[in-house]
Amino acid sequence: MKLSKKIDKSVNGAVLLLVWVICACIVPNVWLSITEPLEWVQSLANVLLPLGIYIFLMSLSRHIGRTSLWMITVMFFAAFQMVLLYMYGRSVIAVDMFLNVVTTNPDEVGELLGNMFPIMAAVVLIYLVPIIMGVVAVVRKWRLTERVQRMTRRVSFPVMAAGTMCFAGSFMCGNEYNPLTDLYPVNALYNVGIAVDRTVKMADYLETSAGYTFEAKSERPDSVPEVYVAVIGETSRADNWQLFGYGRATTPELMSEDGLVCFPRAISQSNTTHKAVPMLLSALDAETFGDSIYSAKGLLTAFKEAGFRTAFLSNQNRNHSFIDFFGEEADTCIFIRDYAAADEKNHYDKKLLDYLDRELKGGNRKLLVVLHTYGSHFNYYDRYPAEAALFHPDGPAEAVKTYRSEQINAYDNSVHATSQLLRSVMDRLRGMEARTALIYTSDHGEDIFDDSRNLFLHASPCPSYYQIHVPFMVWFSPRYMEAYPEVVPAAQANAQKFVASSKAYFHTLLDMAGLSARQLQESESVVNRAYKPAAPVYLNDHNRPVTLEEAGLLEADFARLDSIGISAR
């Protein structure tokens with residue numbers, strides 16, 4: 001009797017594991033069939049064909065423990081996909097997301113996942129439990145009965161046949177269908193391949209970019225002392241800047257700043273740091289990025305060619321990618337976190353000022369300093385000292401809409417910290433016996449549960465308005481304005497025009513500094529009378545320039561763009 005009960009339990013456990021694994025693997029397909037813009041037959045193909053294959057694979061052996069563990073790779077991708085669908089609501093795992101895994105600071109990942117309890121609990125239940133059961137099944141030698149195995153295999157054939165018919169019919173629908181982009185998990189595996197290819201090419205960057213040159217020269221006398229500071233923000237969206245019409249006093253230090261020109265209609269061409277920052281640091285943009293990124297050098301090299309001393313000071317971690325490569329072109333390249341105490345948790349951007357002071361006191365007549373900040377990256381309340389907070393309460397940080405008001409308070413405090421940093425830099429430049437100027441923009445923006453989509457953070461496969469509308473500004477010291485009186489009026493004349501920040505930043509900085517270079521286009525500089533706004537485009541996941549509609553912006557996003565005077569349809 002005891003042996004019979006033991007056998008019954010093992011058989012029941014084997015059947016439960018069989019069903020659990022199949023369901024766990026197919027959940028992302030069902031979700032994607034709802035969220036993606038597919039015809040009904042394409043949605044059915046996206047569910048039935050993989051489902052039939054999963055059922056067939058699980059019927060290959062009666063050793064259910066082994067077959068379930070064979071499916072670990074499928075379940076890993078499924079778990080990854082579920083987390084992203086929870087965060088962003090739609091789209092398959094992007095190439096950029098795979099690259100983010102290897103370029104993102106582990107601390108950032110920990111901060112994020114630690115504040116996403118609902119989906120992490122669901123992932124553990126759906127995917128970790130069957131893996132543990134699979135190990136138990138191997139140890140205890142659970143077996144499917146021959147009857148269950150035969151029945152499972154028989155079910156798989158008609159499901160695969162129906163899926164195959166729907167797959168064939170998918171190519172006859174009105175919209176274009178491509179299994180490499182529309183059929184999960186084929187599209188996820190395809191994106192893995194692209195990510196691996198980019199990683200391999202990136203490893204050869206120093207060799208493939210060795211011959212790159214700007215042929216840059218300064219059009220101004222060597223005797224003229226000039227200092228320029230280029231600040232690159234992180235995750236800062238224009239909508240929360242008082243300077244750009246926000247109702248809160250997030251930038252009080254800058255409101256009456258002379259020589260400051262703001263551009264309220266600036267859009268980033270990427271919502272990911274590892275692509276947005278390299279575009280800001282180079283002559284590349286969404287239309288030229290492609291494979292050119294593997295052979296191009298950055299603006300620091302251009303200034304060095306023109307006789308400037310250069311420094312790259314970053315409050316971010318090294319990510320062994322193009323940001324590091326471009327930063328290391330400078331005469332001085334410092335990632336200040338490399339020198340932080342082991343027990344130091346928060347790294348505030350204001351610490352960059354100590355390193356900036358060293359450069360400003362170095363006695364160089366021609367100097368460019370690039371400051372790469374940590375800005376408003378989540379967790380927001382870790383970006384500023386508690387005593388500096390203007391808006392309360394600014395916690396907890398849990399990534400749920402219930403705490404949106406607290407998140408906004410913390411985010412606004414981080415914007416204020418950036419405002420204080422910029423004012424501190426301006427004060428230093430203003431006090432110098434040199435012609436000085438500053439340029440600032442952010443790599444991208446951020447979603448903070450702003451509408452019914454409940455989107456949060458950035459780097460989603462499909463961007464939103466809040467992820468690409470960024471602050472963009474230039475500032476000139478009194479000595480600079482006296483020496484070059486035509487620059488500020490030109491900037492003011494362009495202030496209400498559309499700005500593609502990823503394209504304009506490089507050209508504007510070189511133009512401000514009086515450099516000539518074969519890549520420089522005056523029509524892309526917002527401080528030049530020749531400036532002509534580019535058409536709004538976006539650098540998509542496969543590194544192709546696309547319209548904002550093709551990038552995945554929805555009606556709500558275009559309504560917001562319309563409200564700030566950008567016609568992007």
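Author: Rolling a probe the size of a water molecule over the atoms shows where empty space is left. Here the largest pocket holds about 1100 Å³ of space. A pocket is, on a 1 Å grid over the protein atoms alone, an open set of points with protein on both sides within 12 Å along at least five of seven lines; a cavity is a set where a 1.4 Å probe fits but cannot get out; lining residues have an atom within 4 Å of a point. Grid points are joined across faces, edges and corners, and a volume is the space filled by probe spheres set on the points.

Reader: Before the details, what does the model rest on?

Author: This is a predicted model: local features need pLDDT of at least 70, side-chain atom pairs count only at pLDDT 80 or more, and totals for chains, interfaces and linings use all residues. Residues are numbered from 1 along each chain as its sequence is written, and side-chain values use heavy atoms, without hydrogens and water. The protein chain averages a pLDDT (the predictor's confidence in each residue, from 0 to 100) of 94.

Reader: Which residues lie nearest the centre of the largest pocket?

Author: Glu36, Ser91, Thr181, Asp182 and Glu550 do, out of 39 lining residues.

Reader: How many cavities of 30 Å³ or more are there?

Author: The count is 1, and the largest cavity has about 120 Å³ of space. Its lining has 13 residues, with Leu99, Arg198, His274, Tyr294 and Phe322 nearest the centre.
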